[in-house]
Amino acid sequence: MPLLEVKNLRKSFRMTDSLGRTAGQLVAVDNLSFSLQQGETLGLVGESGCGKSTTGKLILQLLQPDSGQIYFVGEELTHLSSRQMRPYRRRMQMIFQDPYSSLNPRMTVGSILSEPLLIHRLTPPGQVRERVIELLEKVGLTAEHQQRYPHEFSGGQRQRIGIARALAVEPQLVIADEPVSALDLSVQAQILNLLRGFQKEHNLSYLFIAHDLAVIEHVSDRIAVMYLGKIVELTSAAELYKNPCHPYTEALLNAVPTPDPGHPRPAALSGEIPSPVNPPSGCYFHPRCPYADELCRQQDPPLLETETGHLVACHHSEQVGRYLLRKAGTE
Amino acid sequence: MSRSRGTFLFDVVWRQLRQNRMALVGAGIVALMFLMAAVASLTHSDPAAIDISQSLLPPSIAHPFGTDDLGREVFVRMLYGARISLLVGFVAVGISTLLGIILGSLAGYYGGWIDALVMRFVDIMLCFPTFFLILAVIAFLDPSIWNIMIVIGLTSWMGVARLIRAEFLSLRQRDFVLAAQALGASDLRLIFRHILPNAISPVLVSATLGVAGAILTESALSFLGIGVQPPTPSWGNMLIIGKQTLGSAWWLSVFPGLAILITVLGYNLLGEGIRDALDPRLKE
C-alpha cells in the first residue's frame with residue numbers, strides 16, 4: 001500500500017469581477033493522480049502557476065478539492081472533519097518556499113518549535129525545552145537561538161527553523177514546496193543535504209516541489225512534470241533525464257543552465273504559459289510545442305504508460321528527443 | 001506571550017520611536033497628563049470647594065491658574081479634569097477597540113456570510129453622523145460619565161473593525177498561518193496566537209489617535225451641558241463656565257482650552273510616531 005495516493009484530484013477557483021459575479025473558473029489542478037511510497041521522494045516540477053503548490057495544500061487539507069480522493073495510509077482524507085483530520089496532521093507536514101513569511105515574526109524560535117509539541121501533546125510539559133534544543137541542534141542551530149526572533153536570522157537559518165518545525169512532530173510525509181529556491185546556491189546544498197539526512201534517518205517520504213529540473217534531479221526517485229494543472233510526464237528520475245518523452249520535459253531539460261558558456265544554447269521555450277482561466281484547445285501545450293500538429297490542436301492527449309513506469313501525455317511522444325540538447329559529460 | 005510581545009515592542013517600536021523627536025514630545029505630553037491625573041489628590045484641596053470671597057481672581061502665586069466665579073481653584077479643577085479626560089479616553093477607546101477587534105476578527109477569519117453581515121453592519125453604523133447619534137442617545141439616558149464613555153465606545157469601533165478585517169484577510173493566507181494550520185492548530189490558536197498579534201500594530205495607532213478623538217468628543221458634550229455634569233470638573237464643562245465671563249476672566253477659558261488642545265496634540269503626535277515606527281515592519 002502506498003503511503004499517499006492521489007486519485008483524480010481537481011481544484012478550481014472561482015474568478016469574480018468587481019461586482020462579485022462569477023467571471024470565470026481557474027482550474028488550478030486538473031485530474032491529478034499519483035502515488036508515493038514510504039521513504040520515496042517524488043519531484044513535482046512545473047512553471048509558476050501550474051498548480052504545484054495548490055497540489056501540496058490540497059494534500060494537507062489546507063484547501064478543499066472540488067473532486068477526487070486523497071488516500072493517506074489507506075484513509076481517505078477529503079471527507080474528514082477538522083477534528084478527525086488532526087491525528088493525520090501530525091503525520092504529514094510542509095516546508096515552505098519563502099523562509100521570510102513562513103515563521104511568525106512575533107514568536108521566538110523557542111515558541112515556534114514548542115507549538116507543534118504542545119498542540120499534539122508529544123512531549124511532557126517539563127521536557128519541551130530539551131526537545132526544542134534537540135530539534136535546533138538537529139538542524140545545525142544551537143540552544144541559545146531559541147530566545148531569538150525570526151528576523152534575527154538569515155534566510156538559510158530560517159529555512160532550518162522551518163524544517164525543524166516540520167520535523168518536530170516526526171511526520172511520515174513532508175511536502176517541500178520549493179524549499180531551496182529562495183536561498184543562495186551554497187546554502188541550497190546544505191539544506192538539501194539536511195533534508196536527505198533526515199530522509200535516511202526516519203524513512204521519510206518527500207513530495208518535493210520545484211520550478212525547474214536543476215535541483216530536483218539529485219533528490220528525487222521519481223519525477224512528475226506538471227503543465228497547467230495536469231501531469232504531462234511521470235517516470236523515474238534517471239529515465240526522465242535520459243529519455244524525456246514529453247516536449248515540455250525536453251524544454252525544461254534544455255533550460256537547465258550549463259557550466260560551459262561556450263556550449264550552444266537552444267532557443268528557449270517561446271511564449272508565456274497560457275492562462276489557466278482560458279486554456280488552449282486540445283493539448284494545453286500545443287501553442288508552444290515544436291512537434292504540434294492538427295491532432296494536438298483538437299485532441300487532449302491522455303496520460304498513458306508508454307513503457308513500464310513511464311507515463312506520458314503526448315500524441316507524438318515517440319518523436320520527442322529530437323530537440324534535446326545533449327550536455328557535455330552526460331552523453 | 002506577554003513577555004515576548006513586550007520584547008518586540010521594546011526592540012522595534014521603542015528604538016524607532018526614540019529617533020522621532022515629535023513622537024517623543026507627544027509621549028512627554030501624554031506622560032504629563034498621567035502625572036496631572038496622579039497628583040490631583042495630592043493637592044489636598046477640594047475641586048468643588050466654594051469660596052465666594054475668592055471668586056474670579058486672576059492667576060497669581062497663590063492661585064496658579066486663577067479662580068472661577070464660585071471661587072474654586074482652576075488649577076485643582078484642571079488636575080481633576082485630567083482624570084476625567086484620561087478615563088473617558090481610555091475606557092471609550094477600550095470599548096471600541098475590543099468591539100472592533102472581535103467583529104473584525106470574526107469577519108476576516110471566517111469570511112462568507114459572517115463577513116457580509118458584519119461589514120454591512122459597519123456600513124450602517126457609518127451612515128449615522130456619530131455626534132448627533134450620541135446627542136440623541138444622551139438625551140434619553142442620564143448624562144453620566146459612564147454613559148458617555150459607553151456611547152462613545154459603541155459608536156467608534158467601525159474603523160478598528162475594518163482595519164482588523166483587512167489585516168486578517170491578508171494574514172490568513174500567509175505561510176506561517178498555513179504552517180500552524182498544517183500542524184493542527186485550532187481556530188482559537190490561529191486567531192489569538194498567530195494572526196492577531198501580527199494584526200495589532202495598526203490598531204495600536206488607531207487607538208492612540210482614538211483617545212484624542214474621545215477626549216475631544218467628551219469635551220464637546222460637556223461643553224454642551226450633556227456630558228460630565230457639574231460639580232464634577234471636566235475640561236469641557238470648565239469651558240462653559242469660562243464662556244459666561246470671557247470678557248473679564250480670560251483664564252477660565254484659556255487654561256482648559258489649552259489643556260484640551262495640547263493633550264489632543266500629544267496623543268496625535270504619539271499615534272503618528274507609533275505609526276511611523278511600525279511602518280517599515282520587520283523587513284530589515
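The model is predicted, and local features need pLDDT of at least 70, side-chain atom pairs count only at pLDDT 80 or more, while totals for chains, interfaces and linings use all residues. Residues are numbered from 1 along each chain as its sequence is written, and chains are lettered from A and ligands numbered from 1 in the order in which they are written.

**Stop 1: the domains of chain A**

Select 4-220 of chain A for domain 1, then 244-331 for domain 2; such bounds come from an automatic or database domain assignment. The C-alpha centres of these two domains of chain A are 29 Å apart. Where they touch, domain 1 of chain A gives twelve residues and domain 2 of chain A gives eight (contact: C-beta atoms, placed from the backbone, within 7 Å).

Next, select β2 (22-36) and α7 (213-216) of chain A: each supplies at least two residues of the side of domain 1 that touches domain 2. Helices (H or I, at least four residues) and strands (E, at least two) are DSSP runs, numbered from the N terminus. The largest share of that side, four residues, is from β2(A).

Colour that side of domain 1 of chain A by class to find eight nonpolar, two polar and two charged residues. Ala, Val, Leu, Ile, Met, Phe, Trp, Tyr, Cys and Pro count as nonpolar, Asp, Glu, Lys and Arg as charged, and the others, Gly among them, as polar.

**Stop 2: chain A against chain B**

Show both chains: the contact takes 25 residues from chain A and 18 from chain B. On the side of chain A that touches chain B, select α2 (82-89), β6 (92-95) and α3 (109-119), the elements that give two or more residues. Here α3(A) has the largest share, four residues. By class, this side of chain A holds ten nonpolar, eight polar and seven charged residues.

How values were computed. Two residues are in contact if their C-beta atoms, placed from the backbone, lie within 7 Å.
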